[in-house]
Amino acid sequence: MECIAIINQKGGVGKTSTAVNLGAGLAQRGKRMLLIDLDPQGHLTTHFGLDGDAAGRGVYEVLTQNLPIEEAIHPYSPTISVIPSNVDLAAAEVELVSVVGREVILRDLLAAKNWPYDIVMLDCPPSLGILSLNALCMSTRVLIPVQPHFLALQGAGKLFETIALVNHRLNPKLSVAGMVMCLYDAGTRLSAEVVDDLAKFLDSSRGTKVPWSNARIFKNVIRRNVKLAECPSYGQSIFEYAPRSNGATDYLALADELLEVIDGRTKIPSDESLKVPPPETEATPKDRDEPVSASMPVAPPASAEKPVRAPARIPPSSAKPTKEAVTTPTKETTVVMPTTTDPTPTMTASPSL
Ligand SMILES: Nc1ncnc2c1ncn2[C@@H]1O[C@H](COP(=O)(O)OP(=O)(O)OP(=O)(O)O)[C@@H](O)[C@H]1O
Ligand SMILES: [Mg+2]
């Protein structure tokens with residue numbers, strides 16, 4: 001059973017939209033999905049229209065009140081089941097503070113039984129606390145949604161350090177599958193520059209022992225699409241709400257690409273361009289009758305006028321550089337990433353780690 005954590009401690013980058021709609025896209029491809037809402041905001045829960053029904057039988061009760069996990073599983077469709085959350089889950093962080101092994105509660109519970117699912121997908125909160133650590137400890141892969149905008153990579157160093165720490169001490173099976181560009185505005189220089197910076201960072205880790213040495217930037221980006229913003233309020237995934245929309249097209253393409261990665265049918269696409277269909281414009285119907293299939297490279301041609309980089313676009317990580325951390329300067333920007341040669345960071349992500 002694959003277990004995929006959708007994680008980025010940055011808020012509003014598309015984690016929940018990706019967990020719901022990528023999960024639903026994988027279900028469209030015949031995978032039996034279990035989606036776990038690890039965010040006390042409960043957005044994934046609401047997205048599946050579970051809200052009130054879920055009260056009393058969710059992640060919080062499983063983590064803190066010994067509720068058997070099968071009693072917290074709510075069927076949404078024949079191929080999608082959900083373990084919901086609500087605001088109570090915010091208290092779990094404090095309630096579990098003295099519990100030994102609190103990072104691996106979910107992992108142990110899920111490992112105790114054979115479940116009728118092909119893929120478990122976890123929607124993480126915008127923080128790197130005990131809930132995200134539970135996700136990392138039980139996952140085989142990490143998928144990082146990135147919104148390519150101003151300050152997109154702020155805090156990325158801390159996220160990679162935490163992943164390396166969990167991989168080293170608690171979960172050797174953990175690896176970073178890659179980054180997904182969400183809320184993508186095709187054709188903007190900033191989007192292309194963020195992708196470029198990420199690609200350089202990933203390329204520098206090839207052949208090393210870090211858990212992101214085989215990570216990719218997924219070629220299929222998720223364009224900004226109004227239907228994706230609307231579907232949560234209808235309690236539906238994009239495939240039910242607007243199956244012909246750009247949002248559905250993009251998430252299904254991403255699901256296919258992810259399946260290629262899971263099945264080992266693809267190599268690291270280090271020199272391939274992103275597939276970026278046209279952006280949604282006034283001239284583009286919001287919910288197209290026909291799926292968009294056109295693709296074009298995202299990076300500006302080499303001969304294009306050199307973009308002017310915003311000096312503060314990628315500020316230094318707020319995390320203190322450690323002995324193992326390296327500072328990777330770019331022309332006018334700095335991002336602190338963990339080293340690609342030593343997978344053992346010294347930073348403490350949790351008091352008990
Ligand atoms: N591709 C998209 N086009 C348009 N709107 C989108 C898209 N992806 C997400 N949104 C909207 O942007 C907002 C933030 O997305 P989402 O909730 O998925 O982010 P998140 O990373 O889970 O946020 P949080 O950190 O608060 O959990 C939501 O209102 C969502 O509906
Ligand atoms: Mg969310």
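How do the residues of the shell around ligand 1 divide into nonpolar, polar and charged? There are 8 nonpolar, 8 polar and 3 charged. Here Ala, Val, Leu, Ile, Met, Phe, Trp, Tyr, Cys and Pro count as nonpolar, Asp, Glu, Lys and Arg as charged, and the others, Gly among them, as polar.

A word on the model. It is predicted, so local features need pLDDT of at least 70 and side-chain atom pairs pLDDT 80 or more, while totals for chains, interfaces and linings use all residues. Residues are numbered from 1 along each chain as its sequence is written, and chains are lettered from A and ligands numbered from 1 in the order in which they are written.

Back to the ligand. 19 residues surround ligand 1, each with its C-beta atom, placed from the backbone, within 6 Å of it. The closest are Gly 11, Lys 15, Thr 16, Ser 17 and Pro 126. Helix H1 (15-28) gives the largest share, 3 residues. Helices are DSSP runs of H or I, at least four residues; strands are E runs of at least two, and both are numbered from the N terminus.

Now H1 itself. 13 of its 14 residues are buried, so H1 is largely enclosed by the rest of the structure. Buried means 20 or more other C-beta atoms within 10 Å of the residue's own, again placed from the backbone. Just after H1, Gly 30 takes a positive phi of about 95 degrees.

Next, strand S7 (residues 175-181). 6 of its 7 residues are buried, so S7 too is largely enclosed. Strand S6 (residues 141-146) runs parallel to S7, joined by 6 bridges. Pro 145 stands opposite Val 180 in S7.

Definitions and conventions:
A residue is buried if 20 or more other C-beta atoms lie within 10 Å of its own, exposed if 12 or fewer, and partly exposed in between; C-beta atoms are placed from the backbone. Two strands pair if DSSP finds at least two bridges between them.
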